[in-house]
Amino acid sequence: MVTRKTKSVARLGAALTAAALTAPLLSVAGSGAASASRLPFQGNYPRGETLYTSGTAYSQPTNFNPNDPGGGYTGTMGLLYEPLFLYDPIHGGYKPWIATSGKWVGNSYVLQVRNGVDWVQSPSQNVVGTVTGNDVAFSIKLAMSNPSDPWNSNVSGVASVSASGQTVTVNFKGTPAYTEWQDYLWHAPVLPAAQWGAMSATDQMSGANMTPVSTGPMTLDSTSSTQACYQTNPHWWGAQLGLSFHFKYLCDVVNGSNNVELANLTTGQIDWSNNFLPGISVLVNGLGGSSAYGIKTYYPKAPYMLSANTAWLEMNTTKYPMSNVNFRRAVAAAINPQSIVSGVYTNIVKAANPVGLLPNLKSYINPRVVSKYGFSYNPSMAKKYLAMSGYKGQKLTLEVPNGWTDWEAAIQNISNQLNAVGIKVNPIYPQYPVRENDLINGTYDMAIDNNAQPDSTPWSYFQRVYNLPIQKQQNATLNFERFTDQKAWALVQQAGHTPLADTAKLNSLYSQIETRFLQDLPEIPLWYNGAWFQAQSTVWADYPSALNKADQYTPVMWGGWLGAMTTVYALAQIRRA
Amino acid sequence: MKKVVTYLVAFFVATTVDWGIPHLMPGNPVEIYLSRFNISSNTQYVALQKTISESFGVNVPLWQQYLDFWKGVLHWNFGISFYETAPVTHIIAQAIPYTLALLVPAILLSYFLGNRIGAMAARRKVLDNVVLPIGYVFQAAPYAWLALLLAYVFAVRLRWFPPSLGSNPGIAVGWSWSFILSALHHWVLPFLSVFLVSFGGWSIGMRNLVIYELETDYARYLRSLGASQRLVRRYAYRNAVLPQLSGLALALGVVVGGNIVTEVVFQYPGLGHLIFLAITNEDYFLLQGIFMFIIIGVLLANFVIDIAYVVIDPRTRLSMTGATA
């Protein structure tokens with residue numbers, strides 16, 4: 001009796017097991033009706049024709065709207081939508097893209113829009129129109145009219161926009177905010193007036209846009225919970241510049257953890273990774289010098305990566321002792337960024353200039369100011385400053401988001417160095433939302449942060465340092481250290497309203513700002529986070545590299561890089577291995 | 001009837017707790033959502049904050065949000081995920097098949113094999129000497145450690161199996177042999193990591209229970225009556241399996257919660273992975289939706305085990321009908 005019952009239970013178990021094994025397939029059958037907003041899957045992507053990228057998206061592809069606060073899934077800007085110009089941070093300067101030229105005429109900016117740029121529907125790849133000046137004018141007016149638009153503040157000084165054929169004239173009220181307008185030119189998408197004009201205001205800003213009409217080098221082919229796949233656009237205008245892609249498909253895979261990403265890269269499941277991979281320099285050099293993993297980085301040796309943003313030590317300057325400038329100087333002199341660069345990052349990052357501006361903005365850094373006011377690692381000087389600050393051994397915390405392993409290791413290192421000179425600091429690792437809450441509400445002592453993103457001028461960097469007024473909740477990513485310097489903020493605003501061609505005046509203004517920055521130390525720049533890029537050379541070759549001039553392009557798919565800097569040039573260089 | 005009322009009360013309380021707990025987390029989900037976008041304009045921030053609060057329904061008082069939540073539950077609508085910006089039910093529906101495919105076979109196979117081997121080990125010294133240490137090692141092995149070890153050996157070094165995901169990114173999810181083979185290929189390592197740990201637990205448990213049962217008075221009595229060793233062992237097994245069955249029911253009940261550690265290590269697109277993402281990103285709606293599935297799963301499992309006990313254990317059947325054993 002027992003045996004019979006056990007057998008029948010075993011049979012039931014086997015049936016359940018079989019049912020469970022086929023469960024993913026059942027979900028596929030039902031997914032069509034459940035996901036009307038999703039593109040259907042259209043077949044497989046042959047390995048030899050597909051470039052697999054990862055390291056940008058952390059959630060599934062549900063949005064391809066470049067106006068969405070998140071900017072849409074990887075490739076929305078750059079592969080689908082394109083800006084008027086691109087910025088080249090490696091060689092400097094701007095590259096004409098959807099615009100062929102642009103110039104200031106008094107307080108007006110006159111743009112010439114490229115001929116022969118088609119609007120192409122995804123996924124059918126049908127041509128549904130051609131880009132005209134009207135599309136560009138529509139895009140600018142849309143940004144002006146809706147405060148939710150990501151480029152609303154960039155065009156806040158625009159009085160009117162008019163289009164005549166391929167010529168667009170943008171008229172400004174008073175002195176234009178030259179820098180913010182320049183940022184618009186190489187960041188904002190040119191949108192199809194016919195399609196976008198027919199949308200509701202909500203859809204214009206955050207609609208999913210799963211069947212985009214766009215101009216870029218690829219069209220959206222399919223999405224799933226773990227990836228979005230693009231197909232090369234046969235109508236792309238890039239041939240005008242001699243550009244085309246040598247892969248037929250590009251699939252961008254949702255990011256996993258560091259270890260998953262590393263395994264995917266080493267086993268050739270993905271070709272191009274923009275994830276931070278601890279210790280990647282060891283693999284690049286090959287275990288025992290064998291280079292067995294076939295991994296490439298932008299530089300073949302240290303620092304391996306281009307610099308992407310500045311990690312700085314952010315102090316809540318409204319609380320004592322962080323409010324005391326001598327205390328901040330003591331902290332700056334107590335930390336040895338080089339020990340973080342080599343100890344924590346195994347030399348895949350570079351120590352920051354005391355001003356903190358990225359290497360592409362080197363021409364704006366005044367070396368005389370840096371040598372006169374800059375700080376460097378000097379523990380005995382730190383102790384002197386500490387004595388001058390009146391610090392009485394108060395216990396302080398230094399926080400980074402939980403799970404950001406490189407920063408976690410960095411603050412252990414920093415805390416040890418600060419404690420060594422007598423500053424009692426305890427490293428803490430709150431969850432990301434808690435840490436964000438602390439920064440927004442000013443309920444923290446010290447934190448590591450990197451909220452200034454790469455730019456073609458120092459303006460946005462110093463805007464993030466000095467923006468005023470300070471509010472109860474510092475919601476926008478501005479002045480989290482809550483430092484008040486009216487004079488510096490006025491200088492930043494003046495720099496923003498100075499023509500980019502007036503380099504003498506800009507250099508003078510930025511020198512003054514740098515002087516105030518180094519004297520007051522509202523932030524303490526420590527190191528440059530890398531533009532993490534690792535590529536697997538099994539299937540594809542000719543990745544971006546500093547070694548060959550033809551390959552010196554930005555190797556990054558992140559928002560603000562792809563479709564703003566030269567990543568599309570980099571993609572066009574890639575060939576079969 | 002009494003049971004039904006008990007289940008309804010449990011459902012109401014659990015659902016209320018499900019709604020309440022995410023709201024106790026520190027921070028405002030709209031602020032957390034917007035903080036990811038590095039917004040450098042206060043005007044844009046304020047405009048977005050208003051729009052997003054309205055669209056996610058968090059701009060109304062808490063009591064109103066609570067009522068809205070119940071309305072949603074009754075309509076099987078848990079809102080839009082903050083993190084994935086897609087309907088919660090749709091995201092969960094995508095993830096459930098992977099979790100079921102991973103955990104149901106792992107739990108059932110480990111249950112049957114673990115119980116069998118454990119029971120055999122209880123009466124064979126040689127087998128016991130092998131099963132006991134192996135069982136303890138597997139049972140004590142943390143999922144994460146075992147999963148990383150499997151990934152390193154079989155994915156990175158030997159390259160027999162892929163290290164992550166539910167299927168090959170290049171293969172479209174659908175009714176095709178290439179997808180089925182790819183899904184099975186990706187399933188092996190996560191399955192093994194859950195199976196081995198569970199197997200260790202079941203086999204050790206069963207071994208100990210059978211040894212205990214073989215030493216009970218009824219077993220001795222049977223033996224003294226001259227019953228065959230085989231018959232005694234059958235009765236011992238039958239009694240020993242009862243606590244194991246309760247354990248199985250509980251394990252199956254929480255199966256819809258996924259196995260967070262294994263799914264995170266292998267980036268397996270199941271519910272465990274989703275829970276991890278939902279918690280770390282304060283995704284109220286996703287978390288509430290997943291917990292609803294777990295609540296329903298646990299209640300259903302308890303209900304089924306109540307019935308199963310009546311069928312399997314005559315003593316329960318007799319007590320239910322008011323008779324005494």
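**Sheets, core and contacts in a predicted model**

Trainee: In which sense do S16(A) and strand S20 (residues 446-449) of chain A pair, parallel or antiparallel?
Mentor: Strands here are DSSP runs of E, at least two residues, and helices are runs of H or I, at least four residues, numbered from the N terminus. Two strands pair if DSSP finds at least two bridges between them. S16(A) and S20(A) have 4 bridges, and the sense is antiparallel.

Trainee: What is the mean pLDDT of chain A?
Mentor: This is a predicted model: local features need pLDDT of at least 70, side-chain atom pairs count only at 80 or more, and totals for chains, interfaces and linings use all residues. Residues are numbered from 1 along each chain as its sequence is written, while chains are lettered from A and ligands numbered from 1 in the order in which they are written. pLDDT is the predictor's confidence in each residue, from 0 to 100. In chain A, 91% of residues reach 70 or more, and the mean is 89.

Trainee: Over which residues of chain A does pLDDT stay under 50?
Mentor: Where pLDDT is low, the predicted coordinates should not be read in detail. Two residues are in contact if their C-beta atoms, placed from the backbone, lie within 7 Å. The model has 56 contacts beyond four places in sequence for the stretch in question, which is residues 1-43.

Trainee: Back to the strand. How many of the 10 residues of strand S16 (residues 306-315) of chain A are buried?
Mentor: A residue is buried if 20 or more other C-beta atoms, placed from the backbone, lie within 10 Å of its own, exposed if 12 or fewer, and partly exposed in between. S16(A) is mostly covered, and its buried count is 9.

Trainee: Which residue of S21(A) stands opposite A:Glu314?
Mentor: S16(A) and strand S21 (residues 523-531) of chain A run antiparallel and are joined by 8 bridges. A:Glu314 also has a bridge partner in S20(A), A:Ala447. In S21(A), the residue opposite A:Glu314 is A:Glu523.

Trainee: Which strands stand at the edges of that sheet?
Mentor: The sheet is open, with 6 strands in the order S17-S21-S16-S20-S18-S19 (chain A) and mixed pairing. Each edge strand has a single partner, so one side of each is left without a neighbour in the sheet. They are strand S17 (350-351) and strand S19 (425-428) of chain A.

Trainee: Why is A:Val425 counted as buried?
Mentor: A:Val425 is found in strand S19 of chain A. Beyond four places in sequence, A:Val425 touches A:Leu396, A:Leu398, A:Ser415, A:Leu418 and A:Asn419. A:Val425 is buried because the number of other C-beta atoms within 10 Å is 20.

Trainee: How far apart are the C-alpha centres of domain 1 of chain A and domain 2 of chain A?
Mentor: Domain bounds come from an automatic or database domain assignment. It gives domain 1 (89-209) and domain 2 (306-530) in chain A. The C-alpha centres of these two domains lie apart by 34 Å.

Trainee: Which helix gives the largest share of the side of domain 1 of chain A that touches domain 2 of chain A?
Mentor: 9 residues of domain 1 of chain A are in contact with 11 residues of domain 2 of chain A. On the domain 1 side, 5 residues come from one helix, H4 (residues 178-187) of chain A.

Trainee: How many nonpolar residues are on the side of chain B that touches chain A?
Mentor: The contact takes 61 residues from chain B and 65 from chain A. On the chain B side, H5(B) gives the most, with 12 residues. Ala, Val, Leu, Ile, Met, Phe, Trp, Tyr, Cys and Pro count as nonpolar, Asp, Glu, Lys and Arg as charged, and the others, Gly among them, as polar. That side has 7 charged, 18 polar and, for nonpolar, 36.

Trainee: Which residues touch the most other members of the largest nonpolar core?
Mentor: A nonpolar core is a set of buried Ala, Val, Leu, Ile, Met, Phe, Trp, Tyr and Cys residues joined through C-beta atoms within 7 Å. The largest one has 253 residues, and the members that touch the most others are A:Ala330, A:Val331 and B:Ile290.

Trainee: How many residues does H5(B) give to this core?
Mentor: H5(B) gives the most to this core, and its number is 19.  Domain 1 and domain 2 of chain A both give residues too, so the core lies between them. For H5(B), the count is 19.
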